[in-house]
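Trainee: I have a new structure to read. Where do I begin?

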Amino acid sequence: MDETLGTALRRWRDRLSPADVGRPSRPGRRAAGLRREELADLAGLSVDYVVRLEQGRATSPSAQVVASLARALQLQPMERDYAYRLAGLLPPQEGMISTHVPAGVQRMLARLGEYPVGVFSADWTLLSWTPSWAALLGDPGARTPVERNLVRAVFATGPSGLASWPVLQDGDTLSTALVADLRTALVTYPRDRGLIDLVEELRSASAEFARLWDEGAVGPHVSARKTVVHPQVGEVTCDCDVLTVPGCDIRLVVYTVAAGSADAEKLEFLRVTSGAGADGASPQGPGLFSTP
């Protein structure tokens, strides 16, 4: 019998445990793997749509849907490409920015619910985040894909600007590093239309971006202290570190606070009141606003 996307989804779902995605295993649970409801929540899809996919009644999922399912199911790159082919789609090609988050990174995020952590692609689009990230910086699921791009947020004006990223700027160190990153990404991914359009857009919309781009800005990301302005608790000062993952082109932005400090108390308050506590915390992803 030929395998379909639906049968593959069921097989991949059955091999994951709730602990793999940072969810508690409740007493009396019958399903060994993930339930459809859990997969739908992780991928940002409706339960009905996941059911229709598994039953073969939904036969033309978009590339964005397949990418969200691949992340939620923690597929390896070859498995992800197989899922695309089962859906009748071409897998991501070389020269294009990947939105795939390795399974090991996802498992790490599932256990880091205490910390605000965001995972970004090579063009600095937010791909995944911990519940504490949403509690501190606002729910990314409420933003459009345009608003989840950090470079656009730093340089653009209007609703997609820094209002959607409530972090106070501290000089031009970040701006320089982001422009340098995009320049490197454009060399690595010369066929990525979204990246090309982003650079052209910002060169036209931002005089500062155009200046840094034309000057050939070069600057690494360095650890820095950031101040987040939150509407409930006011200013929260955090140490911000940018970590890279060998073998793939994603970046982890990690916010931490000193134990026992007033900022730690504020962050804990936000985690508790937002429901982002350690029990049951799980990373979220871009599918949150892509439900068919």
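Mentor: Begin with a definition. Buried means under 20% relative accessible area, exposed means over 50%, and partly exposed lies in between, with a 1.4 Å probe and protein chains only as cover. Helices are DSSP runs of H or I of at least four residues, strands are runs of E of at least two, and both are numbered from the N terminus. Now the case: helix α4 (residues 63-72) is mostly covered, with eight of its 10 residues buried.

Trainee: What kind of model is this, and how are residues numbered?

Mentor: This is a predicted model, in which local features need pLDDT of at least 70, side-chain atom pairs count only at pLDDT 80 or more, and totals for chains, interfaces and linings use all residues. Residues are numbered from 1 along each chain as its sequence is written, and side-chain values use heavy atoms, with hydrogens and water left out.

Trainee: How many helices and strands does the protein have?

Mentor: The protein has 12 helices and five strands. Of its 292 residues, 51% count as buried. Its accessible surface is about 13,600 Å², and 54% of that belongs to carbon and sulfur atoms. Those areas come from the Shrake-Rupley method with a 1.4 Å probe.

Trainee: How do I read contacts along the chain?

Mentor: Contact means heavy atoms within 4.5 Å. Take the contacts in the protein between residues at least 6 apart in sequence: 61% of them join residues at least 24 apart.

Trainee: Back to α4. Which of its residues are buried?

Mentor: They are Val65, Val66, Ala67, Ser68, Leu69, Ala70, Arg71 and Ala72. What covers them includes α1 (5-14), α2 (36-43), α3 (47-54), α5 (77-86), α6 (103-110) and β2 (126-129).

Trainee: What does α2 look like from its own side?

Mentor: In α2, Glu38, Leu39, Ala40, Leu42 and Ala43 are buried. These residues pack against α1, α3 and α4. Look at Leu42: it counts as buried because its relative accessibility is 10%. Its C-alpha atom is 8.6 Å from that of Arg71, 29 residues apart along the chain.

Trainee: How do I read a pair of packed helices?

Mentor: Two packed helices are described by the angle between their axes and the distance between the axes. Axes are lines fitted to C-alpha atoms, for helices over the stretch in contact, and angles run from 0 to 180 degrees between N-to-C directions. Here, helix α9 (residues 173-188) and helix α10 (residues 193-205) pack at about 145°, with axes 10 Å apart.

Trainee: Is that crossing left-handed or right-handed?

Mentor: Left-handed. That term applies if the near helix is turned anticlockwise from the far one by less than a right angle; clockwise makes a crossing right-handed. Leu182, Ala185 and Leu186 in α9 meet Leu195, Ile196, Leu198 and Val199 in α10. By class, the residues of this contact are seven nonpolar, no polar and no charged. Nonpolar covers Ala, Val, Leu, Ile, Met, Phe, Trp, Tyr, Cys and Pro; charged covers Asp, Glu, Lys and Arg; the others, Gly among them, are polar.

Trainee: What does α9 do with helix α11?

Mentor: The axes of α9 and α11 (residues 207-214) come within 10 Å and cross at roughly 60°. That angle makes α9 oblique to α11. Angles under 35 degrees are roughly parallel, over 145 roughly antiparallel, 65 to 115 roughly perpendicular, and the rest oblique. The crossing is right-handed. Ser175, Thr176, Val179, Leu182, Arg183 and Leu186 of α9 meet Glu208, Phe209, Leu212, Trp213 and Asp214 of α11. This contact has six nonpolar, two polar and three charged residues.

Trainee: Is Arg203 buried, exposed or partly exposed?

Mentor: Arg203, in helix α10, counts as partly exposed because its relative accessibility is 38%. Beyond its neighbours within four places in sequence, Arg203 contacts Phe209, Ala210, Trp213 and Asp214.

Trainee: How do I read phi?

Mentor: Most residues other than glycine have a negative phi, and most peptide bonds are trans. Gln74 has a positive phi, near 55°. This residue lies in the loop between α4 and α5. Gln74 counts as buried, at 6% relative accessibility.

Trainee: What is the phi of Trp124?

Mentor: Trp124 has a positive phi of about 65°, although it is not a glycine. Trp124 lies in the loop between β1 (117-120) and β2. At 1% relative accessibility, Trp124 counts as buried.
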